[in-house]
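Open your viewer and keep the selection tool at hand. We will go stop by stop.

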Amino acid sequence: MTDRRADEDAGETAGPTRREDEALLTGRAEYTDDLSDPNATHLAFVRSEYGHAEIGGIDTTAAAGIEGVLGVYTWDDIAVSESPGVLPTSTGSLDCEVPAHPVLARDRVRYQGQPIAAVVAEDRYRARDAVDAVSVEYDPLEAVVDSVAATAEDAPTLFDGAPDNVAATTDQGDREATEEAFADPENVVDVELENNRLISSALEPRAALAEYDAAEDRFTVTMTSQSPHGHRRKLAHTLGLSERQIRVISPSVGGGFGHKGHHHPGEAMAAWCARDLERPVKWTATRSANYLEGAHGRDHRTTAELAIDDDGTIRGLRVETHANVGGYGLDGGASMPGWYGGLLSSQYRIPAIHCETHAIFTNTAPVHSYRGAGRPEAIYVTERLVDVAARELGVDPVELRRRNVIEPDQFPYETPVGASYDSGDYERGLEEALELADYDDLRARGREREDGRLRGVGVACYTESTGGGFESGVVRVHRDGGVTVSAGTHSHGQGHGTTYAHLVADVLEIPTDDIDVMEGDSDSIPTGTGTFGSRSTITGGSAVVESAEAVLAKARRFAAARLEVEPDEVAYANGEFSVRDGDEGGSRSGDDTADTVSFADVAGMAYGWGVPEDMDPGLEETTFYEPDGTAYTFGTHVAVVAIDPETGELELERYVAVDDCGERLEPTIVEGQVHGGVAQGIGQAVSERASYDGDGTLLTNSLDSYAVPRASHLPEIETGQTVTPSPRNPLGVKGIGEAGTIAAPPTVVNAVVDALAHLGVRHVDMPLTDETIWRAIRDSR
Amino acid sequence: MATHDIELTVNETEVELTVDSRTLLVHALRDELGYTGPKVGCESSKCGACTVELDGDAVKSCTVLAVQTDGASVQTVEGFADEDGELHPIQEQFSAEHGLQCGYCTPGMVTTTKHLLESNPDPSREEIRKALKGNICRCTGYQNVVDAVESAAAALAPAESEGESASGDDVDLRTDYPTPGED
Amino acid sequence: MFPPQFDYHRASSIDDALELLERHAADDPRILAGGHSLLPDLKNGRASPRALVDIGEIDALRGIGSGADVESGADSGADETAIGALTTYADILESDRLQRHAPVLTDATSVLADLQIRNRGTIGGNLTAAEPGADLPAATLAADATVRVRGPDGERAIDAAAFLGADGSEPALRERELVTEVRVPHVEAGGYAKKTHPASGYAMVGVAAVLETDDGTITDARVAATGVLERVVRLAAVEDALVGARVESKTIEAAAERAGETIEPADARSDDHASGEFRVHLLSTYAERALERAVDRVAAGAGGTGTAGDLE
């Protein structure tokens with residue numbers, strides 16, 4: 001392949017990194033709330049003040065009387081409408097029968113912030129006034145917010161259909177083999193840990209602008225979506241429509257991180273109200289509404305044991321976890337914990353693994369995928385356990401990892417928990433990271449620093465499953481040779497426009513300037529799965545490349561007809577078809593036959609009069625691509641910390657990330673993904689926790705109380721790489737979006753525990769706030 | 001409820017507007033005037049996505065009433081590029097250093113950066129990080145943002161003073177007092 | 001996100017502001033200065049006045065007087081600086097005079113909130129709101145500042161402790177009074193140390209310290225803490241231990257050790273990031289850091305013989 005990028009990278013001047021940037025930098029990019037429609041109305045919700053309550057009554061009279069208020073709705077209005085009014089729930093893998101999340105509360109609320117009533121007004125401010133004017137009578141019920149406490153016999157029950165609050169219990173791995181491994185082990189090491197509940201905190205809150213065309217009985221919903229076709233399906237479910245009746249457009253979106261793949265009442269109610277009022281309805285969540293309604297992420301309470309020989313050989317891993325799924329199963333949120341165990345083997349040969357997962361309802365916001373979605377939880381368990389084991393066996397944690405790491409010749413490697421690792425050289429990644437961090441020197445320098453602080457070095461390895469599901473990719477060549485590429489993924493920071501244009505330009509050997517990339521319109525794009533799970537380059541990228549290759553093959557046949565040679569006699573370079581060197585073109589009719597034909601000429605032929613007899617007109621290909629299996633990204637991260645033992649203050653002095661995501665198509669974008677993921681992972685490790693009081697009141701309901709990292713909270717991130725292509729997709733790529741959120745938490749916690757180990761500290765739960773560290777030190781004394 | 005007729009200058013264009021007492025500047029800019037560069041990311045004056053220049057100062061337009069800006073001059077990110085559409089050097093460097101991903105925080109970041117570099121043309125990385133305290137980015141981990149600010153500082157520096165900073169630039173007024181004649 | 005409805009009135013002078021407050025007394029009027037406490041409160045439903053009186057255009061309330069009363073122009077003496085109520089944090093930071101003569105105030109201002117908020121928030125608004133964890137109340141208390149206010153009954157000067165309610169009484173500002181000016185006595189040995197709350201940006205714990213010394217002996221010490229209790233508080237035990245002692249690090253350390261003595265952890269503020277017990281524990285460390293900054297300035301000033309204003 002000719003690298004179209006070579007030209008662009010030439011020269012000293014730093015050009016724009018991404019084609020998306022200019023619109024974003026100048027304020028021209030349009031996010032959902034930026035869309036202006038003079039006829040638009042504004043939707044806002046009355047949300048439950050309580051974590052658990054029966055609704056006694058709702059008085060909407062005063063609200064309805066406010067000037068400029070167009071509608072005030074409760075469940076009673078939904079119930080008599082033609083829409084089911086409930087959010088889809090994947091109940092297939094659950095052990096219970098529970099009702100789905102209604103868009104407005106029926107008679108009971110199960111988490112603080114659950115929508116009870118909806119108001120629509122001429123402007124945002126009136127809508128707010130109307131929300132204030134609705135009065136709700138609550139009959140508060142006892143609440144339970146902790147997943148372990150919720151399984152106690154006397155715990156309050158959320159749903160009659162799940163009397164013990166258990167949504168599902170799932171087994172992964174081999175229970176018998178694992179019990180055998182633990183039957184007579186040389187050593188057993190255990191940890192009990194909590195994976196803190198997080199809020200994804202994309203900077204743009206969720207929003208939708210819904211329009212209803214009564215003549216066509218058709219909706220257009222412009223919304224903050226990572227998955228336009230996915231949301232179309234979910235909206236159809238809630239509204240009781242066919243997917244063909246809904247067009248979902250996802251314009252510029254200000255960060256997703258999983259949260260904008262989920263389906264919540266806001267977008268559905270905007271659509272429902274748009275039909276009822278026959279006016280466009282805009283809904284934009286406030287930050288606090290976004291925090292209250294979730295979906296939140298993580299929130300596991302876990303016990304784990306490792307059976308390990310004296311020489312450090314790992315024999316077995318046994319895990320039991322309680323996963324808090326919140327007040328309702330949202331989409332697959334309640335069944336998602338069931339596959340969390342898939343990465344428990346991390347980078348190691350562990351002959352026997354068993355994991356039992358309990359998905360538990362509590363009076364908290366629904367929990368669903370957040371950047372990593374099960375993978376950070378699993379890797380955290382194993383990487384903490386390996387560190388604890390190393391300390392108890394008296395070996396360096398790195399040495400213990402080396403002893404158990406899967407060797408390069410063992411791929412594909414089947415883990416006992418169902419993962420099939422595609423390719424890797426795990427030890428090389430480990431060694432690269434250690435070298436970049438200068439690990440031996442750090443170890444030699446010891447724990448005590450000259451300034452009285454304690455130094456700690458933490459290492460964690462990880463694997464990450466990436467690229468599940470299928471994706472669509474279309475390459476449409478226009479008559480003048482211009483190209484529109486589209487895919488069912490959605491870019492909200494990942495730079496697909498740049499990546500896809502480069503990929504297609506590489507295949508078609510035309511300038512990227514001749515290529516437009518389109519995402520985020522369910523009417524214009526055949527179908528799609530969306531962007532999440534570090535999947536877009538693997539699936540969307542491969543789909544558009546396969547389409548581009550098919551386009552080129554067809555173009556070659558057109559060119560052959562024009563050049564009067566066989567297709568395999570046609571050479572193609574830099575946008576021009578010619579007769580291949582050495583092929584004299586014996587079949588050519590004479591001197592006036594063209595020697596070359598351009599890509600644009602071929603496009604003209606494809607749509608012109610007189611298409612060659614044995615060919616169909618048109619130059620457009622659609623691919624529905626599914627990879628030949630999961631691609632497993634991997635890497636090793638190293639953190640160096642300094643802790644003030646008096647105050648517990650933690651400084652992240654260094655952070656080193658060495659990641660292997662196969663081929664790096666856009667190295668700058670890949671690094672950006674690593675930076676962002678690490679930053680969020682550090683956020684989980686040191687400051688972020690969504691916390692509820694015992695009544696189900698969210699204590700961290702704003703940026704005043706939920707601590708997302710600021711610039712000054714984060715270290716410089718030093719990056720390195722190894723490159724092991726994946727054999728499971730034509731690009732050899734692996735996803736990189738979530739690596740940082742997976743690797744950083746155990747890396748940082750391992751470093752902190754390393755700094756405190758001499759005091760007898762064995763484990764500290766995240767987030768490692770100053771107080772948490774101070775208490776760990778104090779309690780060890 | 002009282003409404004007020006106000007006049008202000010936005011990106012060098014004079015506009016007249018009728019606003020409610022309670023209308024926030026960010027909503028007047030976005031909903032009334034169509035300047036959607038400033039974004040709303042929170043309601044507690046923490047995220048900085050709504051940062052604009054108000055009479056030359058970077059401020060959070062969610063924490064200013066529109067009526068307070070009667071007679072004032074506002075610049076949003078829409079006013080950064082020059083008349084020919086050439087990006088401002090800060091905008092250029094944010095792109096060159098990949099200092100933006102989803103772009104939602106970017107108008108605020110760019111505006112704060114401009115203010116920082118006006119008062120401190122050659123900031124250290126630590127100073128940059130501190131100056132960006134009021135601008136949250138959830139995508140980049142800030143690393144490339146800091147790179148972009150550094151590059152923008154270099155791009156904006158007068159050519160003759162590249163390299164060593166002039167003596168006296170780094171005096172900390174808290175502890176070091178230049179004596180007359182020293183400068 | 002959206003403030004409730006209110007009427008907005010712009011005052012053209014202090015007298016006009018007082019008149020507007022009087023006229024709209026039934027609407028529970030609030031004074032709008034920089035707005036960086038009031039507007040967040042309005043947006044989050046913590047306040048719902050029916051009238052605001054904007055004093056933002058009263059130029060007489062703005063500025064840092066080099067020894068002059070910013071309002072009347074009268075000389076208030078060379079040993080203090082008058083800061084108009086509408087003076088922004090950024091203006092305070094840019095004042096060489098304050099950097100030099102009231103470093104406790106500029107120290108605290110330099111770590112206050114963020115760049116944008118420092119451009120807009122005002123000292124008068126800050127002290128009036130006196131949010132728990134705000135930095136300036138601690139600094140002004142330690143500085144022994146005087147707050148001048150105007151109201152229906154005329155003008156009065158209130159010492160910072162009474163104004164902030166740090167002396168056990170309720171904060172002294174009465175209804176329909178507004179802050180016009182803060183006067184800060186000149187003391188070179190001052191410093192502020194802050195543990196910033198990772199989410200709110202306010203002080204989890206902040207300590208302001210001001211020392212007056214004579215030939216290496218501490219003659220007066222004022223140490224104030226914010227973030228720990230709902231209001232700022234003087235750390236009397238630390239002050240007692242300092243007065244009469246020599247300016248040296250072991251004295252400082254020993255005195256700072258006593259910072260938490262008089263505060264019960266159960267009374268202290270507590271949230272998800274820091275319990276009351278932890279905040280009280282941090283007091284000693286931050287008292288020591290603040291005192292060290294103050295002492296450093298004693299040391300820096302020891303060699304200097306110039307009088308105030310020499311370099312301005």
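Is A:Glu204 buried or exposed? Select A:Glu204 and find out. The residue is buried, with a relative accessible area of 3%. Keep in mind throughout that this is a predicted model.

**Stop 1: around A:Glu204**

A:Glu204 sits in a loop of chain A, between strand E8 (187-195) and strand E9 (207-213). Now show what touches A:Glu204. Leaving out residues up to four places away in sequence, the list includes A:Tyr31, A:Thr32, A:Lys260 and A:Arg287. Chain B also takes part: B:Tyr104 touches A:Glu204.

**Stop 2: where chain A meets chain B**

Colour chain A and chain B separately. How many residues does the contact take from each chain? The contact takes 57 residues from chain A and 49 residues from chain B. Together the two chains bury about 4,400 Å² between them. Carbon and sulfur atoms make up 52% of that area. Next, select A:Leu25, A:Tyr125 and A:Leu203. In chain A, these three lose the most area to chain B, together 19% of what that side buries.

**Stop 3: helix H2 of chain B**

Select residues 89-96 of chain B, which form helix H2. Why is this helix largely enclosed by the rest of the structure? Six of its eight residues are buried, so the rest of the structure largely encloses it. The buried ones are B:Ile90, B:Gln91, B:Gln93, B:Phe94, B:Ser95 and B:Ala96.

What covers them? The cover includes helix H2 (21-26) of chain A. It also includes helix H3 (106-119) and helix H5 (143-156) of chain B. Step past the end of H2(B) to B:His98, whose phi is positive, near 55°.

**Stop 4: B:Phe94**

Stay in helix H2 of chain B and pick B:Phe94. Its relative accessibility is 0%, so B:Phe94 counts as buried. Show its contacts, skipping residues up to four places away in sequence. From chain A there is A:Leu25. From chain B there are B:Gly99, B:Leu100, B:Met109, B:Val110, B:Thr113, B:Val145, B:Ala148 and B:Val149. Draw a distance from B:Phe94 to B:Ala148, C-alpha to C-alpha. The two are 54 residues apart in sequence, but 4.9 Å apart in space.

**Stop 5: the nonpolar cores**

B:Phe94 leads on to the largest nonpolar core, which has 158 residues. Which members touch the most other members? They are A:Phe361, A:Tyr421, A:Ile643, A:Tyr655, A:Ile682, A:Leu756 and B:Phe94. Helix H18 (residues 739-756) of chain A gives the most to this core, with eleven residues. A second, separate core has 42 residues, among them A:Val483, A:Leu508, A:Ile515 and A:Val597.

**Stop 6: domains of chain A**

Colour chain A by domain. Domain 1 covers 32-141 + 200-293, domain 2 covers 372-467 + 630-780, and domain 3 covers 471-625. The centres of domain 1 and domain 2 of chain A lie 38 Å apart, taken over C-alpha atoms. Their contact takes eight residues from domain 1 and twelve residues from domain 2. The area buried between these two domains is about 780 Å², with 55% from carbon and sulfur atoms. Select A:Gln112, A:Tyr291 and A:Leu292. They supply 52% of the area that domain 1 of chain A buries against domain 2 of chain A, more than any other three residues.

**Stop 7: domains of chain C**

Move to chain C. Here domain 1 is 7-54, domain 2 is 60-185 and domain 3 is 189-301. Domain 1 and domain 2 of chain C have centres 19 Å apart, taken over C-alpha atoms. The contact takes 13 residues from domain 1 and 15 residues from domain 2. These two domains bury about 1,200 Å² between them, 70% of it on carbon and sulfur atoms. Now select C:Ile14, C:Leu18 and C:His36. They supply 44% of the area that domain 1 of chain C buries against domain 2 of chain C, more than any other three residues.

**Stop 8: cysteines**

How many disulfides are there over all chains? The count comes to zero. In chain B, the sulfur of B:Cys62 is the nearest cysteine sulfur to that of B:Cys50, 3.7 Å away, and B:Cys50 is in no disulfide. B:Cys50 is buried, at 3% relative accessibility.

**Last stop: confidence in chain B**

Colour chain B by pLDDT. The mean is 89, and 86% of its residues reach 70 or more. Over residues 161-183 of chain B, the pLDDT is below 50. Where pLDDT is low, the predicted coordinates should not be read in detail.

Methods. Residues are numbered from 1 along each chain as its sequence is written. Chains are lettered from A and ligands numbered from 1 in the order in which they are written. This is a predicted model: local features need pLDDT of at least 70, side-chain atom pairs count only at pLDDT 80 or more; totals for chains, interfaces and linings use all residues. Side-chain values use heavy atoms; hydrogens and water are left out. A disulfide is a pair of cysteine sulfur atoms within 2.5 Å. Buried means under 20% relative accessible area, exposed over 50%, partly exposed in between (1.4 Å probe, protein chains only). A nonpolar core is a set of buried Ala, Val, Leu, Ile, Met, Phe, Trp, Tyr and Cys residues joined through side-chain atoms within 4.5 Å. Helices (H or I, at least four residues) and strands (E, at least two) are DSSP runs, numbered from the N terminus. pLDDT is the predictor's confidence in each residue, from 0 to 100. Contact means heavy atoms within 4.5 Å. Domain bounds come from an automatic or database domain assignment. Buried area is the accessible area (1.4 Å probe) that two parts lose on being put together, summed over both.
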